[in-house]
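Thanks for coming, everyone. Let me put the sequence and the structure up, and then we'll walk through the fold.

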Amino acid sequence: MRVDVHAHYMPSELAEVFGQLGGAPIKMRHDTDMAARLADMNAGAVDRQILSLGGVHPYWEDRAAAVEGARVANDVYHRVLAEHPGRFGAFGAVPLPHAPEAAREAVRCLDELGFEGIGLGCSAAGRPLDDPEFEPMWAELDRREAVVHLHPGVANQLAIGISDHPMLLGPTFGSPTETAVAAVRLVLSGLTTRHPAIRFVVAAMGGALPHHWHKLMRNASFMSRGDASLQPTRLAEHLRRFSYDTSHLDAAYVVAAREAGLIDRLVLGSDAPWGKSAESVAAVNDCGQLSAGEKKHILDHGAEALLTSARVS
């Protein structure tokens, strides 16, 4: 089965609710033409798309607003799944930084709504995902061997000057760095050791991670004396357990992923509607740096195996 694990859905009705609850208008709204989306999926022979919020989450300090935002988003996604049976899945939203409520909403998404997993930003209300207060949520996800899709965009203003050109410099330079930092912190913090059953999928080829892999391992080696968490072999082992979706795939990313030992961890992703499923499939098929077997794995086996291996206990 061909599954696109990286797709978004933010209709005006949901954007308006988020704007009201969060106190700021949502600029990334888009009324999704589902007929056009399905036609694009069919053109790429994509059987299913997994929908998620992406870079826009109900991560608000107001507890009631965050809980309501996550509930509304998940109910909207559940309706879409019911309207198009078999064609869509969802990574649910949770109301971080409110960990008990996030744990409850994650359980609802997985146990009641039948979602494929949970979608998370790379941070929540200024806190890293490995914040100790978030442990109740991680415990529930680990108990269910849940899939977690990690997506940038929540805090991609990571350097002085980016905010002057936020729609260009933020996604181009901030988001890839945000993604890499979040992924590595999950390992350094011990979270992936405490919760080994969680199956992470990192958006957009892991952002900057593959390109800086060797520098990361070299620096970890320099600093690891007496600190087991920084041992390069351990760090590499855990990061190679993650999957990485192929949205924004290009030859340079494939070369970097191969050198980092991540090539067999790639799964299909498009970033729809900003990208297209058919174009993402074509990008994999046309990539001269991938073997025929690797292309087959990315397109038809990796995502399906990842999603069907997760179990609800």
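First, a term: buried means under 20% relative accessible area, exposed means over 50%, and partly exposed lies in between, with a 1.4 Å probe and protein chains only. Next, the ground rules. This is a predicted model, where local features need pLDDT of at least 70, side-chain atom pairs count only at pLDDT 80 or more, and totals for chains, interfaces and linings use all residues. Residues are numbered from 1 along each chain as its sequence is written, and side-chain values use heavy atoms, with hydrogens and water left out. Helices (H or I, at least four residues) and strands (E, at least two) are DSSP runs, numbered from the N terminus.

Start with strand 2, residues 48–52. Is strand 2 mostly covered or uncovered? Mostly covered: 5 of its 5 residues are buried. Arg48, Ile50 and Ser52 point one way. Gln49 and Leu51 point the other way. In a regular strand, side chains alternate between the two faces of the sheet.

Now the neighbours. Two strands pair if DSSP finds at least two bridges between them. Strand 1, residues 3–8, pairs with strand 2 in the parallel sense over 4 bridges. Ala7 has Leu51 of strand 2 as its bridge partner. Strand 2 also pairs with strand 3, residues 88–92, again in the parallel sense, over 3 bridges. There, Gln49 has Phe88 as its bridge partner. From strand 2 the chain crosses through helix 3, residues 63–83, to strand 3, and this β-α-β crossover is right-handed. Right-handed means that, with the strands pointing away from the viewer, the path from the first strand over the helix to the second runs clockwise.

Zoom out. The open sheet has 8 strands in the order 1-2-3-4-7-8-9-10, with parallel pairing. Strand 1 and strand 10 (266–267) stand at the edges; each has a single partner strand, so one side of each is left without a neighbour in the sheet. Further along, strand 8 (residues 199–202) and strand 9 (residues 243–245) run parallel, joined by 2 bridges. Val202 has Tyr244 as its bridge partner in strand 9.

Now some helices. The buried residues of helix 11, residues 277–285, are Ser277, Ser280, Val281 and Val284. They cover an arc of only 100 degrees around the axis, which puts them on the same side of helix 11. That arc is taken from the directions from the helix axis to the C-beta atoms.

Thr179 lies in helix 6, residues 166–188. Thr179 counts as buried, at 1% relative accessibility. What does Thr179 contact, leaving aside neighbours within four places in sequence? Cys122, Pro152, Val202, Ala203, Gly206 and Gly207. Contact here means heavy atoms within 4.5 Å.

Compare Thr308, in helix 12, residues 292–309. Thr308 is exposed, with a relative accessible area of 58%.

Last, the cysteines. How many disulfides does a search of the whole structure find? The search finds 0, a disulfide being a pair of cysteine sulfur atoms within 2.5 Å. For Cys109, the closest cysteine sulfur is in Cys122, 19 Å away, too far for a bond. Cys109 is buried, at 0% relative accessible area. Cys122 counts as buried too, at 5% relative accessibility.

That's the tour. Over to you.
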